[in-house]
Amino acid sequence: MPKVSVINGLDPSIDRVASMARAAWRFLSRSWFAAAGSQEICTLLLSGAEGVPLIALPIAAVGRYLRTVPSGYWPFRSFPVADSASAEDMAALLSDRGARRALGRFWRLGPIYADDPALILLRDAAPRAGWHVCTRTIATAYLLDMEQLAAEGTWPRNSTLRKNRFHEKHLATHGHLEWRFARGADWTPELFADLAEIEAKSWHAGASDPKFLPGPHRRFWERLASDPEQAERMNAAILYVDGKPAAFSFDLDVGDRKYAIANSYDPAFAKHSPGKCLYYRNLSEAIGRDIRLVDWGAGDGGYKQTIGAERGPDIVDCLIVRKGWISPFIRIIAWVWKTSQNRN
């Protein structure tokens with residue numbers, strides 16, 4: 001029989017479950033949730049035969065009535081499930097009395113990819129465990145199948161390479177060009193400062209979610225980089241012009257998948273397409289490390305499709321409601337949730 005435990009704080013078993021998850025989701029380790037900086041947090045843990053942990057669900061309080069799966073980066077607000085975990089295991093977790101108390105009447109999972117293994121199990125298990133999953137669609141992710149493009153011999157096109165060489169030639173009139181690829185031990189305060197310098201000059205300077213300017217997002221990535229395994233997954237491609245940072249692309253590389261997180265460039269070089277030149281170099285470098293799929297996330301589908309990306313899974317946001325006295329109102333709650341636009 002499966003066993004469910006409710007543990008204060010982030011339990012070390014999260015790491016074990018993450019190590020048994022599908023390769024592209026193994027970044028959902030204990031340090032991922034710790035980096036979010038949530039204060040009131042507990043771990044719901046389901047263990048199977050011989051005490052092997054199969055599902056680890058960190059949950060944090062948001063105000064008085066809502067609970068949520070914590071994460072410092074949208075849309076990866078998921079939790080680890082072992083690849084061998086089943087919908088029956090998830091139902092056992094959601095049916096447990098202690099887990100239900102910890103989850104409360106409402107809890108949020110998302111934004112999250114519609115094909116996320118945790119969400120697939122949850123959707124199957126929720127009805128039989130007395131929960132209803134309210135869903136709203138936020139956006140669509142774009143995927144670039146590098147393996148397929150390489151096999152077809154169509155990427156990058158010779159015309160693209162010629163254009164990039166043209167742009168790089170003109171970029172070089174501003175000074176010596178250095179193309180740097182950083183990960184692991186390269187994540188120093190100086191590296192974070194270089195990325196912030198680019199971001200401060202870019203269109204992200206006035207945005208609500210800059211990744212490296214001082215603020216909560218910067219703190220999340222700094223905390224994550226303190227874990228050597230996560231730091232190795234954090235990949236920054238940076239263009240320096242005459243020794244000064246001019247453009248960057250920042251990704252999370254997990255297994256053979258590259259999650260594109262952010263990119264910025266100094267508008268002083270805009271007419272020479274520094275971001276485009278850098279990202280083609282970034283992708284070429286990634287192919288050499290056996291990256292086979294680039295997950296480009298949501299937004300700006302036009303230029304992503306020009307490079308070769310195709311529409312992938314939807315990104316959704318889920319509110320999970322416990323049935324009972326509230327059941328007659330679930331349709332209304334689901335409609336309000338579906339039509340609302342809160343993406344934070």
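Trainee: In which strand does Ala 61 lie?
Mentor: This is a predicted model. Ala 61 lies in a strand that covers residues 53-62. That strand is β3.

Trainee: Is Ala 61 buried, partly exposed or exposed?
Mentor: Its relative accessibility is 26%. Buried means under 20%, and exposed means over 50%. Ala 61 falls in between, so it counts as partly exposed.

Trainee: Which residues does Ala 61 touch, not counting residues up to four places away in sequence?
Mentor: Start with Glu 40. It is 21 residues from Ala 61 in sequence, yet the C-alpha to C-alpha distance is 6.0 Å. Ala 61 touches Glu 40, Leu 66 and Arg 67.

Trainee: What is the phi of Glu 50?
Mentor: Glu 50 is found in the loop between β2 (41-47) and β3. With a relative accessible area of 84%, Glu 50 is exposed. Glu 50 is not a glycine, but its phi is positive, at about 60°.

Trainee: And where does Asp 290 lie?
Mentor: Asp 290 is a residue other than glycine with a positive phi, near 70°. Its relative accessible area is 48%, so Asp 290 is partly exposed. Its place is the loop between α11 (274-287) and β11 (293-295).

Trainee: Which residues does a cis peptide bond join?
Mentor: Look in strand β5, residues 106-113, where Pro 111 lies. Omega is about 0° at the cis bond. The bond joins Gly 110 and Pro 111.

Trainee: Over which ring does the charged end of Arg 281 sit?
Mentor: Take Glu 168 as a guide. Glu 168 is in helix α7 (residues 158-171), and it is buried, with a relative accessible area of 15%. Leaving aside neighbours within four places in sequence, Glu 168 is in contact with Leu 177, Trp 179, Cys 277 and Arg 281. The charged end of Arg 281 sits 4.2 Å from the centre of a ring, that of Trp 179.

Trainee: How far from the ring centre of Trp 337 is the charged end of Arg 136?
Mentor: The charged end of Arg 136 sits over the ring of Trp 337. Its distance from the ring centre is 3.6 Å.

Trainee: What accessible area does the nonpolar patch on the surface have?
Mentor: One of its residues is Phe 329, in the loop between β12 (310-322) and α13 (330-339). Phe 329 is partly exposed, with a relative accessible area of 43%. Trp 325, Ile 332, Trp 335 and Val 336 also belong to the patch. Together these five residues have an accessible area of about 620 Å².

Technical notes. Residues numbered from 1 in each chain as written. Predicted model: local features only at pLDDT ≥ 70, side-chain atom pairs only at ≥ 80, totals over all residues. Heavy atoms only, no water. Patch = residues over 30% accessible without salt bridge, like charges linked within 9 Å, V, L, I, M, F, W, Y side chains within 5 Å. Areas by Shrake-Rupley, 256 points an atom, 1.4 Å probe, with all protein chains shown as cover. Salt bridge = Lys/Arg side-chain N within 4 Å of Asp/Glu carboxyl O. Helix = DSSP H or I, 4+ residues; strand = E, 2+ residues; numbered from the N terminus. Buried < 20%, exposed > 50% of the residue type's maximum accessible area, 1.4 Å probe, protein only. Lys NZ or Arg CZ within 6 Å of the ring centre and 35° of its normal. Contact = heavy atoms within 4.5 Å.
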